[in-house]
Amino acid sequence: MSAEEVIVRVALLSPPFTELSYLLPEYLPPEAFFVGQRLVVPLGKHLRVGVLLAFEGGAPKSETKNFTLKSLIWPLDKSLLLSASYLDLARQIAKRHLDECGRILSSMLPLGLRMPKAGLRFFRQDGVLDLNPAQLAKVPPAEQKELGLLWLSGQAEIRRPGQSPLDAEFCVLCSDPPWPVRPAAKLQQALLELLFENGAISRRALEKKLGKGAGAALAVLVRRGLARIRPADPEGADDKGRGRGRAGEKFPKGAGANMPPPETANARSGSVSFALSPAQEQILAKLRPAALGGGGGAHLLFGVTGSGKTAVYLDLALRVLESGRSVLLLAPEVALAMKLKDEAEAFLPFSLLPEDRRHFYHGYQSPAVKERLFRLLAGEDAGASRLLIGTRSALLLPIKNLGLIVMDEEHDASFKQDEGQINYSAKEVAWFRAHQEGALLLLGSATPDLKSFYAAGEGAMPLHVLKDRVGGHLPEVRFVKVGKSLAAGADSLPLAPESLEALNDVVRRGEQAVILLNRRGYAPVMYCLDCGKALRCPHCDIALAYHKGRERMICHYCGWSSVFPSPCPVCGGLNFLPLGEGTEKLEEGLASQLPPGTGILRLDRDSARRMERLEEILAAFARKEAQVLVGTQMLSKGHHFPDVTLAVIAGADQGLNLPDYRAAERVFQLILQASGRSGRGDRAGLVLIETRDPEHYCWDYVRNADYEGFFARELALRKERRYPPFVRLGLIRISYAADYARGAEEATALGRSLRARAGELGLTLLGPAPAPLSVLKGRMRRHCLIKGDDWQKMRELYLFARRSLRGEGLSLRLDLDPVNML
């Protein structure tokens, strides 16, 4: 036994997520451990997984007698999984949001990498010994030393735990609602709803949620073709039935119908040369040196809809890959990421890039798929050039040797995560990773985030502009004033007569149209005619939305649902009136207003919950199997349908009066993006925008697709009212259980203390005031809005708030540069 014991600092990957000191075990030398290694450590009576962050040196045994340090149990990695740069990224996110590094790492790592369930297999002369970490902790010291020698000599391996059939078999939904199931078959109904909401889940999870009887209900649904059972990770499948292609496999073919026609191309050293416009060539002449020179930096590409931004992305991707570096292409939604993937497959055959170095990633994939790709990218041979395409969470993968990061539709709010375990802005993380790697960060949009455009104007990053569409012109925009005629009744259709007439004309000409109504479901409110009350969520102070196809009332915030029709919970009545319109009602109503046989498709979160269904809808519309596509904001960005000559924006005023300083900017961006779906082919396009307030200043700029004019107007308003980019914003979100009697009193008292401290720090604090959505998921919510010029002072104020808490009644969370003000 040595005279000195080596102490290491370990970040726990499960609650309390803190950093603790442990001793290295005596049966393994210090050389067996390294920074970034996952370890099994004891905590109380349980075992946890942690990450070794640092060696704290040795302490003579005489100095450790005043306190007790536990020894860690065993390492879980033989080779480096979490590099120094990856740990640095986690530390930066933790530092920005004043959170524990362990919590950040827990959110960044796939589930399988943070669970202490791995097995250890030792190959001894007298046979093979399998132990799990709990068993290993109880092995006598002499035998532990023997096992340590086997580990060091390469005679041991880490094995994932075997799966029982309950874990190895997943249940998958085969059809969308409505389902032909008797109302009395409540367990079958509950099972179908569970699969619809969550996608594919294991049989164990099914039984855990619905009880032992779920197996019999599942067998009935499988016989009827409503559900099926598949392996946990079949060839070419990922989790929840929401996509195709495994980590490291070639991109699937045949999904490229929703793309612009191919450019003229000539083979060049096994890759593709695009027929680029002069404007694209001029921009690429500036971007290529930035991407290939290793100097990195951020650039903003501002191009109108249809101007060929994707061609710029792909040309740069090709050059960077040819130079031996990796490329990361990001989109805010899975559908747009799939579009990028399909375009990369169609235009960039990449003979220089083997199939096992092309990857597609999104948050809906299974833990097994995520873990496999994470290990692959973190491996020793992962420094070769790779192409990774995905959504926001792909930024947290350990891809190495990055030369280019592209954020398409950089203005989209989906690039900010403000729910779940951690808050982070994908734009900030992308900037940090580009700085780490010396990579080019290219932000692209037809309607850039106002702060990004301002930063470019102030010289913080170069601005590149594509002013014209490739081979076409922007559509004509008209405004349709709607009034009491659209106020509603149960049978109303949320389209003005002028819009219906234009829609019929398009159908008769054999062309296509898209209709944006940014509200899913059948009706947003169900009104009881007997007591005069709207049906409300019991956990949120919000009206339930009626989903006719599913025959349910659903809360769009917490997911709670109930069967409809059911007696009113207030008076027991059964007389209801649906108020307002959603995409489901619009789809139903159009069938009687258009020529017989007109194909109508719907694209929203309900109709495209299964990934294969999303692909089917887009491909069918591209093949002109339908002439009308109705949808929410899912159809507003990125999609290219050359036969669409009409875009109708219904309910365009939605969102203009929300309590959010970005309200007008978001409406402008949404409508300008949706307008861009019309007239992308040879024929002229028309956009009809239905509004009750045609005098709103936003419409003057929408009419001429005048982003720069809107930018100047909005910038002046924000300067006058002290909003970003002229000030920095922070939000302290306070919440407490609805039944906590002292919650309001404690929040008010905390607010008084915070206002005094904010004044000392040179900050302005407003609140605490009830949040616009004051009750969610059974918790009361209050907001404290902070204005100032220094992020660090905002962090100091938040630390003061945490130290001021008494007891555990209030929960606090800091959101710097908040995107969601509700």
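Predicted model: local features only at pLDDT ≥ 70, side-chain atom pairs only at ≥ 80, totals over all residues.
Visitor: Why is E3 largely enclosed by the rest of the structure?
Guide: Look at burial, where buried means under 20% relative accessible area with a 1.4 Å probe, protein chains only. E3 is largely enclosed because, of its 6 residues, the number buried is 5.

Visitor: What is the relative accessible area of Leu218?
Guide: Leu218 sits in helix H8, residues 214-223 (helices are DSSP runs of H or I, at least four residues). Leaving aside residues up to four places away in sequence, Leu218 touches Cys171, Leu191, Arg203, Leu206, Ala227 and Ile229 (contact is heavy atoms within 4.5 Å). Leu218 counts as buried, and its relative accessible area is 1%.

Visitor: How many Å separate the C-alpha atoms of Leu218 and Leu43?
Guide: Leu43 belongs to the stretch 38-43 that makes up E3, while Leu218 is in H8. Along the chain these two are 175 residues apart, and their C-alpha atoms are separated by 40 Å.

Visitor: Which are the edge strands of the open sheet of 4 strands?
Guide: The order is E35-E36-E34-E37, with antiparallel pairing (two strands pair if DSSP finds at least two bridges between them). An edge strand of this sheet pairs on one side only, which here picks out E35 (764-776) and E37 (811-816).

Visitor: What is the bridge partner of Ala769 in E36?
Guide: E36 spans residues 779-788 and runs antiparallel to E35, with 7 bridges joining them. For Ala769, the bridge partner in E36 is His783.

Visitor: And at about what angle does H22 run to E37?
Guide: Angles run from 0 to 180 degrees between N-to-C directions, with axes fitted to C-alpha atoms, for helices over the stretch in contact. Helix H21 (residues 743-760) lies across E34, E35, E36 and E37, at about 150° to E35. Helix H22 (residues 791-804) also packs on the sheet, touching E34, E35, E36 and E37, and its direction makes with that of E37 an angle of about 175°.

Note on methods. Residues numbered from 1 in each chain as written. Heavy atoms only, no water. Helix = DSSP H or I, 4+ residues; strand = E, 2+ residues; numbered from the N terminus. Buried < 20%, exposed > 50% of the residue type's maximum accessible area, 1.4 Å probe, protein only.
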